[in-house]
Amino acid sequence: MPDYRLDHIAFLVSDLEAARAELPELAAEAAQSFPSEGTREQYLGGGGVAKVLLMQPIGPGPYQSAMERRGPGLHHVALLVDDLDAFLEAAVVGSGWLLHPRSFALRRDTGAVWLTRPGVEVLVEVSEGSPGEDGSACVDAVEIAGLDTRSGLAQIFEACGVAVLDGPKGAVVLGDGRRWPAG
C-alpha cells in the first residue's frame with residue numbers, strides 16, 4: 001500500500017467569518033479567495049494532519065452548485081498519497097468508489113482526483129504529493145453519513161488516526177470531544 005495521510009476535512013459554509021467564530025480555539029491560516037473555483041477558503045488547526053477547511057461559495061462553480069443542492073455541511077475528506085496510481089489500485093479498485101467525472105481533467109491539470117460513491121454524500125479528494133510525517137490533528141473523528149465504517153476507505157482514515165463514525169449528517173469530532181457543526 002502506498003504511503004498516505006489525511007490532509008483535511010472540508011465544509012461548505014454560508015458565512016466564513018461566522019463559521020470561524022464557532023471554532024475560536026483552532027489556529028487559523030489567512031483566508032484566501034479562489035475566483036476560478038468561486039470560493040473563499042480558510043484552513044483551521046495546527047500542526048500537520050486533519051485540518052478543517054472552511055469553504056464559502058462566492059461565485060459560480062462546483063462549490064456553489066453543491067451548496068445549492070445540499071446546503072452547508074461536510075463536502076469532502078482529502079488524502080495526500082505518495083503514489084496516486086498505486087493508491088487507486090490498492091484501495092479503490094473494487095471498493096464501489098468511482099472517479100468523479102471532473103477527475104479526468106483535474107488529474108491532468110493538478111495531479112488530484114475526486115472519488116464518489118452512490119449513497120455517500122461526501123467526496124474524497126486524493127492528491128499526489130509527499131505525505132511526510134503526521135503532525136498533531138485537530139480532528140479525532142469524522143462522521144460520514146452512509147459510509148460503511150468497515151469499508152477500505154474508512155479503514156484508511158482510521159489508519160491516519162481519525163476514526164470514521166456513521167452519523168446522520170457529516171461532522172467532525174474535535175480534540176476536545178465537541179461535534180462540529182453541532183446538530
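**Exercise 1. Find the place of histidine 75 in this predicted model, and decide whether the residue is buried or exposed.**

Step 1. Histidine 75 sits in strand β5, residues 73-81. Strands (E, at least two residues) and helices (H or I, at least four) are DSSP runs, numbered from the N terminus.

Step 2. The relative accessible area of histidine 75 is 5%, so histidine 75 is buried. Buried means under 20% relative accessible area, exposed over 50%, and partly exposed in between, with a 1.4 Å probe and protein chains only.

Step 3. Leaving aside neighbours within four places in sequence, histidine 75 is in contact with residues including Tyr63, Trp114, Glu121, Val122 and Leu123. Contact means heavy atoms within 4.5 Å.

A word on the ground rules: residues are numbered from 1 along each chain as its sequence is written, and side-chain values use heavy atoms, with hydrogens and water left out. Because the model is predicted, local features need pLDDT of at least 70 and side-chain atom pairs count only at pLDDT 80 or more, while totals for chains, interfaces and linings use all residues.

**Exercise 2. Describe the second largest pocket and its lining.**

Step 1. The volume of the second largest pocket is about 220 Å³. On a 1 Å grid over the protein atoms alone, a pocket is an open set of points with protein on both sides within 12 Å along at least five of seven lines, a cavity is a set of points where a 1.4 Å probe fits but cannot get out, and lining residues have an atom within 4 Å of a point. Grid points are joined across faces, edges and corners, and a volume is the space filled by probe spheres set on the points.

Step 2. This pocket is lined by 15 residues, and Pro62, Arg69, His75, His100 and Leu123 are the closest to its centre.

Step 3. Helix α2 gives the most to this lining, with six residues.

Step 4. By class, the lining has seven nonpolar, four polar and four charged residues. Here Ala, Val, Leu, Ile, Met, Phe, Trp, Tyr, Cys and Pro count as nonpolar, Asp, Glu, Lys and Arg as charged, and the others, Gly among them, as polar.

**Exercise 3. Now do likewise for the largest pocket.**

Step 1. The largest pocket has a volume of about 370 Å³.

Step 2. Its lining is made of 17 residues, with Glu37, Glu41, Tyr63, Trp114 and Glu125 nearest the centre.

Step 3. Eight of the lining residues are nonpolar, four polar and five charged.

**Exercise 4. Which residues line the largest cavity?**

Step 1. One cavity of 30 Å³ or more is counted, and about 110 Å³ of space lies in the largest cavity.

Step 2. The lining consists of Leu12, Arg70, Gly71, Pro72, Gly73, Leu74, Glu121, Val122, Ile144, Ala145, Lys169 and Gly170.

Step 3. Strands β5 and β8 are the elements that give two or more residues to this lining.

**Exercise 5. Which residues touch the most other members of the largest nonpolar core?**

Step 1. A nonpolar core is a set of buried Ala, Val, Leu, Ile, Met, Phe, Trp, Tyr and Cys residues joined through side-chain atoms within 4.5 Å.

Step 2. Among the 44 residues of the largest core, Phe87 and Ile144 touch the most other members. Helix α3, residues 84-92, gives the most to this core, with five residues.

Step 3. A second, separate core has nine residues, including Leu12, Met55, Tyr63 and Leu123.
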